[in-house]
Amino acid sequence: MSTVLFYILGFTALAATLMCITRRNPVHAVIYLVNAFFALALLFYLLGAPLVAAWEVIIYAGAIMVLFLFIIMMLELAPMHTPAGPGWKRWGPVAALSLILLCCTILMVAVDTGSSQSVPFFYVSPRVFGTVLFKKYPLAVQVVSFQLLFAAVGAYYVGRSERLADREDKS
Amino acid sequence: MNPNLLFIIPLLPLAAAVVNAVAGQFLPRRLSEGIAVGAVGFSTIATLLLWPLVDAEGVRAELYTWIASGDLRIPVEIVFDPLSASMTLMVVFVSTLIHLYAVGYMREERDYARFFALLNLFVFAMLTIVLADNLLLLFLGWEGVGFCSYALIGYWYREKKNADAGRKAFLVTRTGDVFLGIALLWLFSLTGTLSITGINQAAFDFGSGTLLLLTLLLLAGACGKSAQLPLMTWLPDAMAGPTPVSALIHAATMVTAGVYLLARLFPLVSLSSTGMAVIAAIGAASALYAASCAVAQREIKKVLAYSTMSQVGFMFLAIGVGAVGAAMFHLFTHAFFKALLFMGAGCAIHLTGENDIFRMGGLGRRAPLVFWTFLAGALCLAGAPLTSGFFSKDAILLATFAGGGVFQRILWGVAAATALLTVFYTFRLVYLVFAGSPRAAGEAHRLPGVMRWTLPPLAVLALAGGLLNLPVAWGGSGVLNSFLGRFAGREIHASHALEWGLAGLATLLFVLGWLLARLRYRPFPEERISPARDFLLRGWEADRLVSAVIVRPFTSLARILWQRGDRKGIDGFLEGTGHLLMAMGEGLRRATTGRLHSYLGGFAWGLIALLGWMLLRYAF
Amino acid sequence: MIVPMSHILAFSGAMFFMGFACVLAQRNLIMILIGVEVMLNAVGLTLVGASALWGQVDGQIFVIFLMAMTSAEVSISLAMVVYLHRRSKTLEADAFSGMKG
């Protein structure tokens with residue numbers, strides 16, 4: 001049952017991604033991407049990572065994509081204002097290149113005998129997850145927190161209003 | 001008398017040189033000239049006052065130790081013996097007269113301070129050569145006169161020709177100096193000392209091969225300084241300098257330094273009979289060569305330059321046959337009459353504004369004093385009977401003839417032929433410059449008195465110089481020879497009959513040469529152009545020979561090294577590397593389009609390469 | 001859960017190269033960022049799959065780190081998008097070629 005679900009969800013995610021990347025209108029693209037992320041979150045859940053699945057929905061589909069939408073709306077990127085999406089001239093070589101790379105990857109995976117073994121169901125409870133995260137990687141958690149802090153400061157600095165920027169530059 | 005007073009003689013000109021070099025331009029002209037002339041004049045007086053110090057063994061005075069290093073000890077020590085004393089007296093006396101003359105000659109030059117500073121410095125350096133009792137000190141003076149000669153030849157350095165002549169003189173004499181330097185080092189390694197006396201004493205222990213080589217090295221040094229074959233090409237060009245310089249440096253003093261060096265080291269040199277023969281041969285060959293060139297020269301000073309070379313060749317010949325006394329005698333008389341001739345020539349150039357003797361003429365009536373004094377000098381040069389040149393040249397011819405062997409007879413023949421040529425070119429000069437009618441087109445100057453009145457004393461000295469060393473056969477006592485004592489070289493054994501015979505022959509040659517010149521040049525001849533004349537005019541094409549044998553191969557080698565080695569090889573490699581890196585940078589610059597997609601494209605291709613490589617590794 | 005690891009890898013690879021194609025083909029800065037997000041998520045899928053394959057928690061933990069880094073990256077890059085748009089009124093990636101050599 002879960003195997004069938006896996007393939008359905010996998011292809012859903014792929015299809016949504018395909019739709020997403022070919023859109024001209026960024027709003028549509030973001031919506032498709034959210035769609036793909038939901039499918040992906042379910043895949044995570046199937047693979048025994050409910051916590052990751054939850055965060056995928058909350059952080060990715062919920063926060064980051066909404067941020068994208070906010071920005072798009074803030075900049076009033078109506079479809080006519082956005083640059084025209086790429087035509088076949090552009091997509092052709094890129095698609096060929098990507099397909100070649102994909103083939104290479106799949107070939108490599110196929111050649112590797114170890115990769116053919118089935119993935120066991122490996123459930124990670126939030127408790128186990130939290131224990132390992134804070135016991136094994138306390139330093140990484142610190143670093144990532146600082147990273148987020150710097151990102152917040154950086155985003156504020158880069159995105160400050162023009163008037164403010166002018167005043168600061170003069171002083 | 002304190003022997004240390006002897007240092008006054010060389011140091012006075014040095015002091016004057018320093019004063020003129022440092023402050024000359026700020027002093028009034030009269031004062032600057034006065035310092036220069038006065039210093040040399042006082043040197044002369046000092047020499048005369050200190051004359052009683054001379055004794056046969058020589059008086060030594062040491063100022064201080066110049067270099068002390070291990071075994072090497074070089075004191076600044078001068079020696080005052082008959083040889084150096086007589087040479088010193090000649091140098092300072094002639095220098096004084098020429099300095100006086102130069103005051104007049106350089107009257108219109110603005111750069112008088114440099115001139116007089118260099119002239120005084122030259123006198124100092126020359127006196128260092130003469131008085132030094134140490135070969136290194138002598139070498140110091142040797143290089144000093146070389147430098148002063150260079151600087152004074154190129155005195156009018158604004159014209160490239162003059163500067164080139166100075167450089168040429170410097171380089172050619174330097175070639176000889178290298179050999180002298182080698183000889184010095186070798187002598188030091190052999191004897192452990194550089195004292196001339198010590199070396200002369202130690203020379204008896206040397207092997208014959210060593211002696212020969214040393215003699216040849218010393219001879220090469222002497223040849224460079226004295227413009228003898230084969231290092232003679234610089235002297236005719238050196239006439240580019242002011243005339244007093246030619247008179248002082250390139251006639252009276254510096255060019256005789258080679259003779260003096262050989263005379264000083266005569267005890268060493270005389271031990272190698274082969275070496276002596278080479279010296280004599282070089283002297284005779286130079287004498288003949290220079291006399292033949294002088295016959296064809298057009299510039300008055302070049303005639304005199306070649307004649308100087310020729311007369312110095314006589315001195316070398318005398319040294320080579322062992323007659324140092326005769327050599328020194330000729331050196332002194334030559335200094336007097338050649339300085340006189342140069343000064344007279346300077347007057348002639350001044351009066352006519354011309355250098356070319358074919359365009360002078362008729363000066364005899366215009367300037368009788370210059371004419372008569374010049375004639376006196378010319379008679380001495382030509383060896384007219386009873387003049388100084390007659391006696392001194394005769395002494396050399398006699399000594400050569402008395403040598404006895406076939407080789408000496410050949411040398412004597414060459415010398416006699418040279419004497420005939422000498423008479424011929426001397427009277428050619430006299431007739432062309434002073435006889436006939438004026439042909440000068442140049443601007444004539446008035447002659448300053450100081451230039452004129454320095455001539456008669458020299459003329460008197462030149463004419464009467466024979467008394468210095470009147471041979472016994474003529475009723476004299478050979479004053480100079482007996483004064484020089486042990487420095488006079490070998491005893492000449494010749495009967496009075498031979499002496500008289502040779503004197504008669506010399507007179508005959510003189511008359512013959514005079515008549516030939518008179519016949520040819522008394523009526524002003526149109527100049528005949530012939531290949532032989534051109535050949536002689538250019539000094540037997542010596543310059544071309546040097547440039548073909550030495551300069552051009554050297555130049556082409558240098559050019560090959562420069563263009564192939566340096567330009568193409570080293571520079572090419574370095575610049576090629578630079579260009580390669582620049583081209584690579586240019587290529588990379590084009591790769592940085594600044595467009596996001598090209599970077600991402602590169603990223604993609606890199607990924608393909610990486611994946612492909614991993615695939616290949618898996619597959620095989 | 002009877003899925004071979006190779007299939008998970010194939011799905012994640014396909015997704016990754018879709019994002020890659022998006023980054024390469026699109027000229028809109030926002031679309032390029034979306035392509036980057038797609039690629040990052042494909043990597044996340046791989047990590048979770050590997051975590052399950054070896055029975056280790058670390059893979060999932062790294063997905064968390066990945067998300068945290070992504071949020072930082074997105075906040076900065078979107079701020080820069082705003083800044084660039086304000087400066088030159090366009091989101092055309094090719095318009096920003098100040099690094100041209």
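The structure is a predicted model. Chain A has 171 residues, 42% of which count as buried, and its secondary structure consists of 7 helices and 1 strand. The largest pocket holds about 780 Å³ of space, and β1(B) and β2(B) form an antiparallel pair.

**Chain A: fold and surface**

- Along the sequence, the elements of chain A occur in the order α-α-α-α-β-α-α-α.
- When contacts in chain A between residues at least 6 apart in sequence are considered, 60% of them join residues at least 24 apart.

**The largest pocket**

- The space in the largest pocket amounts to about 780 Å³; 28 residues line this pocket, and those closest to its centre are Tyr105(B), Trp156(B), Ala240(B), Gly241(B) and Asn355(B).
- Five helices of chain B, namely α3 (82-105), α6 (160-191), α9 (234-237), α14 (300-320) and α15 (324-352), each contribute at least two residues to the lining.
- Helix α6(B) provides the largest share of the lining, with 4 residues.
- By residue class, the lining comprises 11 charged, 9 nonpolar and 8 polar residues.

**The strand pair of chain B**

- Strand β1(B) covers residues 59-69 and strand β2(B) covers residues 72-80; the two pair in the antiparallel sense over 8 bridges.
- Within this pairing, Glu62(B) stands opposite Glu77(B) of β2(B), and Thr65(B) has Pro75(B) of β2(B) as its bridge partner.
- The hairpin formed by β1(B) and β2(B) has 2 residues between the strands, and Gly70(B) adopts a positive phi near 60 degrees in this hairpin.
- Strand β2(B) is largely enclosed by the rest of the structure, because 7 of its 9 residues are buried, that is, under 20% relative accessible area.

Definitions and conventions: Residues numbered from 1 in each chain as written. Chains lettered and ligands numbered in written order. Predicted model: local features only at pLDDT ≥ 70, side-chain atom pairs only at ≥ 80, totals over all residues. Heavy atoms only, no water. Buried < 20%, exposed > 50% of the residue type's maximum accessible area, 1.4 Å probe, protein only. Contact = heavy atoms within 4.5 Å. 1 Å grid on protein atoms, 1.4 Å probe; cavity = no way out; pocket = protein on both sides within 12 Å on 5 of 7 lines; lining within 4 Å. Points joined across faces, edges and corners; volume = space filled by probe spheres on them. Nonpolar A, V, L, I, M, F, W, Y, C, P; charged D, E, K, R; others polar. Pairing = 2+ DSSP bridges.
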